Amino acid sequence: MGMQSIGRPTAPVAANASLSETVSGSKGLQQREDLIFEVGAWDKTGVDLPTPKRNRDRLGGVTRGTDTSLPGLSEPEAVRHYMRLSQKNYAIDLGLFPLGSCTMKHNPRLNEKAARMPGFADIHPMQPQRTIQGALELIDELATWLKTLTGMPAVAMSPKAGAHGELCGMLAIRQALIARGEGETRKRVLVPASAHGTNPATAIQCGFIVDEIKADKRGRVDMAELRGKLETTDDIAGIMLTNPNTCGLFETDIKEIADLIHAAGGYFYCDGANFNAIVGRVRPGDLGVDAMHINLHKTFSTPHGGGGPGSGPTVLSDALAPFAPVPYVVKDEDGFRLVEDIEGEAAQAFGRMVAFHGQMGMFVRALTYMLSHGADGLKQVAEDAVLNANYIQSRLKGVMTPAFDGYCMHEALFSDEFTADGIETIDIAKALIDEGYHPMTMYFPLVVHGAMLIEPTETESKQELDRFCDALASVATKAAAGDASLKGAPHLAPKKRLDETRAARKPILKWTPPEPEAIAAE
Ligand SMILES: *Cc1c(COP(=O)(O)O)cnc(C)c1O
């Protein structure tokens, strides 16, 4: 397709500030677009209906006295409004999306085609189960793949995101402790310092207390600290550990960690968001895991990041399986059916997490992805994801500082050590926007100073990786040289540096009309 690499800019960006401003407010071919309320003429309407002759009585006297306060746009104006907004999005269909830990991979169009088949797309959750046998069979087949790939005996399909899967696994652990008569005495959940924020949040949501474990110099769980905690406490409920961890490193002591936790009477929750790095190569069940969520929207290519709902099926060990939430699919002589009854055959279930059975559309996409790759293809997914991340690490290690020695797994982690005084991670991230890229994950994991976490996934070609590395290397070189132009980046985006903290803490979510005086003054 003849895409050229972006070379290094020869002149400092925005040397002439007026060049980055335009009369129209548009930049290049990106049109400026205001809020729909600001665009819309209030007295206009997009439809051209003849004035009704006698409408006064037909509404029985409840005719609106005031206007509808909706902007009036014609069809082409409405279409352009949303088209212009859509062009402000960065998307996986547009370019490499380097967000670490998020596994932003290509969403195959074959998945979309399968999900739109009427037998999956046009059914209703309240339909009699004998009329949706194919859909139930699909859920059952996907469950079989997930159990096989993880080496686990059971899976709860209904959780609707990774964090929701964490909730499922931790509620199952709580229920198992209650069944053992230890619900009140075992409250402590160990969480490594590098964990995703959802892990401690989930533990607390389930009524546990969180006890943090340090990372050692190699970026893995500090085993001495872990042993110390297990020796001095007798209230361990379990551990929540990510593997590969969020430093992009395999926890090499994982089997010993599982044994120690089990010996202390606790359960091992594994955050499986990074499963993409090991799918087809390592079965978490063999490592002693009791519960692990799988982000179908990460490892199994279903759309996310604005593109679709998540889905977080959670695999469970024999010890936790009896506590799995309803509903779940079983097969008997009459075919497939959903077990919904907590009074009856699912008496030990901790309850129900969602109204129906989970994200059907995502189940179809994920199974399509699995079947189109096959067992050998899924193994290659993990191998190529790790290869791509190591390619990035090795191409950038001359200009940036890798956070840890040695090879990484599926994501490359850098610290801000290489930057000149005054230049920070955020400046590098913002300068990447000028180069046409969504920034990488910044300041996470917290155990690395000024962290930059880059996950390319297996779906990027060498050309795309090189193009990204060229851009980031040029920004990093400027950061090392203390180039002050980075402080003002992005220079080419429609909006410059925003006060993101204020936007997050005090979001203005409602448009308020300008004061009438202000209109009169204009
Ligand atoms: C993405 C992610 C989660 C949460 O998953 P969601 O689907 O976003 O709720 C949890 N842990 C890690 C390590 C992740 O990367």
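**Ligand site**

I began with the ligand and listed the residues around it: there are 13, and Ser101, Gly162, Asp271, His297 and Lys298 come nearest. I note here that the model is predicted.

I then sorted the shell around the ligand by class and got three nonpolar, seven polar and three charged residues. Which helix gives the most to this shell? I found that helix H6, residues 162-179, does, with three residues.

Next I looked up polar side-chain atoms facing the ligand. For aspartate 271, I read 2.6 Å between a polar side-chain atom and a nitrogen atom of the ligand. For histidine 297, a polar side-chain atom is 2.6 Å from a ligand oxygen atom. For lysine 298, I noted 2.8 Å from a polar side-chain atom to an oxygen atom of the ligand. How much of the ligand does the protein bury? I have 380 Å² exposed for the ligand taken alone, and 85% of that is buried by the protein.

**Seven-stranded sheet**

I traced an open sheet of seven strands with mixed pairing, and wrote down the order as E1-E7-E6-E5-E4-E2-E3. Which strands are at the edges? I found strand E1 (154-156) and strand E3 (209-213), each of which pairs on one side only.

Strand E6 (residues 291-293) and strand E7 (residues 314-316) run antiparallel to each other and pair over three bridges. In this pair I found methionine 292 opposite valine 315 of E7.

I then checked helices against the sheet. Helix H5 (residues 133-150) lies across E1, E6 and E7, and I noted about 125° between H5 and E1. Helix H7 (residues 198-205) also packs on the sheet. I listed its contacts as strand E2 (188-192), E3, strand E4 (236-242) and strand E5 (267-271). The direction of H7 makes about 155° with that of E4.

**Backbone entries**

I looked up cis peptide bonds. One joins asparagine 243 and proline 244, with omega about -5°. I placed proline 244 in the loop between E4 and helix H9 (254-263). Another cis peptide bond joins valine 326 and proline 327, and I read omega there as about -5°. Where does proline 327 lie? I placed proline 327 in the loop between E7 and strand E8 (328-332).

I also checked phi. Threonine 103 has a positive value, near 45°, and is a residue other than glycine. I located threonine 103 in the loop between helix H2 (75-86) and helix H3 (109-115).

**Four-stranded sheet**

I turned to the other open sheet on my list, where four strands follow the order E10-E11-E13-E12 with antiparallel pairing. Why is one side of E10 and of E12 left without a neighbour in the sheet? I found strand E10 (401-402) and strand E12 (441-442) at the edges with a single partner strand each, so one side of each has no neighbour in the sheet.

I followed E12 to its partner. E12 and strand E13 (residues 452-454) pair in the antiparallel sense, and I noted two bridges. Here methionine 442 stands opposite methionine 452 of E13.

Last, I looked for a helix on this sheet. Helix H10 (residues 360-396) packs on the sheet and touches strand E11 (412-415) and E13. I wrote down about 30° between the direction of H10 and that of E11.

How values were computed
Residues are numbered from 1 along each chain as its sequence is written. This is a predicted model: local features need pLDDT of at least 70, side-chain atom pairs count only at pLDDT 80 or more; totals for chains, interfaces and linings use all residues. Side-chain values use heavy atoms; hydrogens and water are left out. A residue is near a molecule or strand if one of its heavy atoms lies within 4 Å of it. A polar contact is a pair of N or O atoms within 3.5 Å; within protein, one must be able to donate a hydrogen and the other to accept it, and residues adjacent in sequence count only if both atoms are side-chain atoms. Accessible areas come from the Shrake-Rupley method with a 1.4 Å probe; for residues, only the protein chains shown count as cover. Ala, Val, Leu, Ile, Met, Phe, Trp, Tyr, Cys and Pro count as nonpolar, Asp, Glu, Lys and Arg as charged, and the others, Gly among them, as polar. Two strands pair if DSSP finds at least two bridges between them. Contact means heavy atoms within 4.5 Å. Axes are lines fitted to C-alpha atoms, for helices over the stretch in contact, and angles run from 0 to 180 degrees between N-to-C directions.
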